[in-house]
Amino acid sequence: MLRSSLVALLAGLTCATAFAHCQVPCGIFDDQMRFQQLLEDETTIAKAQLQIEEIVAGGLSGQAANQLGRWVMTKEEHAEKIQETVSSYFLAQRIKADNPRYVEQLKAAHAVITTAMKTKQSTDPATAKALETAIFDLYRAYEGKEPSF
């Protein structure tokens, strides 16, 4: 019995997780940090869009094609990080059905997820700007106040 418990404990300690926060009722939440991360990811998407356009405008050498692929992957990864954070952190753990602003929060969260999807489909800087706006709208719906960062 002791051996089984020790094996289970060691397996749990060595298991890699994708995020620094788990979905257990531990009560440790840092909403502001999540919003800061969402905005950082959006800024990365905006930079990637700009870099993609600059590379294409400059002609496609082998090196440029390599960089182009890397920027496209970066844009995709950060859009997916935003979608994952909103889904796994806000929707699964923080937005509660008994909150009076529940519907407003759900709509705002959905807008962030779909707007992030649109940044994956485009290099138009307007999509990154729309994503930033959607993140701030989620903040307003979630916090009930204007962002201070």
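At 34% relative accessibility, K81 counts as partly exposed; the cut-offs are under 20% relative accessible area for buried, over 50% for exposed, and in between for partly exposed, with a 1.4 Å probe and protein chains only. K81 forms a salt bridge with D41, the closest N and O atoms being 3.3 Å apart. A salt bridge here is a side-chain nitrogen of Lys or Arg within 4 Å of a carboxyl oxygen of Asp or Glu. D41 lies in helix α2 and K81 in helix α3, so the pair ties together parts that are 40 residues apart in sequence. Helices (H or I, at least four residues) and strands (E, at least two) are DSSP runs, numbered from the N terminus.

The model is predicted: local features need pLDDT of at least 70 and side-chain atom pairs count only at pLDDT 80 or more, while totals for chains, interfaces and linings use all residues. Residues are numbered from 1 along each chain as its sequence is written, and side-chain values use heavy atoms, with hydrogens and water left out.

A search of the whole structure finds 7 salt bridges. One of them joins the side chains of K120 and E80, at 3.2 Å from N to O. K120 lies in helix α4 and E80 in helix α3, so this pair also ties together parts that are 40 residues apart in sequence. K120 is partly exposed at 22% relative accessibility, and E80 is partly exposed at 41%. Another salt bridge, between D137 and R140, has its closest N and O atoms 2.8 Å apart. D137 and R140 both lie in helix α5, 3 residues apart, about one turn of the helix. An α-helix has 3.6 residues a turn, so residues three or four places apart point the same way. D137 is partly exposed at 36% relative accessibility, as is R140 at 29%. Salt bridges that share partners also join E76, E80 and K120 into one network.

The overall fold comes next. The protein has 5 helices and 0 strands, in the pattern α-α-α-α-α along the sequence. Of its 149 residues, 32% count as buried. Contact means heavy atoms within 4.5 Å; among contacts between residues at least 6 apart in sequence, 70% join residues at least 24 apart. The protein exposes about 9,200 Å², and carbon and sulfur atoms supply 58% of this area. Accessible areas come from the Shrake-Rupley method with a 1.4 Å probe, and for residues only the protein chains shown count as cover.

In soluble globular proteins, nonpolar side chains tend to be buried together. A nonpolar core is a set of buried Ala, Val, Leu, Ile, Met, Phe, Trp, Tyr and Cys residues joined through side-chain atoms within 4.5 Å. The largest such core has 24 residues, of which F35 and V112 touch the most other members. At least two residues of this core come from each of α2 (31–57), α3 (62–94), α4 (102–120) and α5 (125–143). The largest share, 9 residues, is from α5. Leaving aside neighbours within four places in sequence, F35 is in contact with F90, I135, L138, Y139, Y142 and F149. A second, separate core of 6 residues includes A48, A64, L68 and W71.

The 27 residues of α2 should span 39 Å at 1.5 Å a residue, and its end C-alpha atoms are 40 Å apart, which agrees; the expected span is 1.5 Å times one less than the number of residues. Just after α2, G59 takes a positive phi of about 95°.

Helix α5 has 19 residues and reaches 27 Å from its first C-alpha to its last, close to the 27 Å expected. At its start, a side-chain oxygen of D124 reaches to within 2.9 Å of the backbone nitrogen of A126. The buried residues of α5 include L131, I135, F136, L138, Y139 and Y142. What covers the buried residues of α5 includes α2, α3 and α4. After α5 comes G144, whose phi is positive, near 75°.

How values were computed. A polar contact is a pair of N or O atoms within 3.5 Å; within protein, one must be able to donate a hydrogen and the other to accept it, and residues adjacent in sequence count only if both atoms are side-chain atoms.
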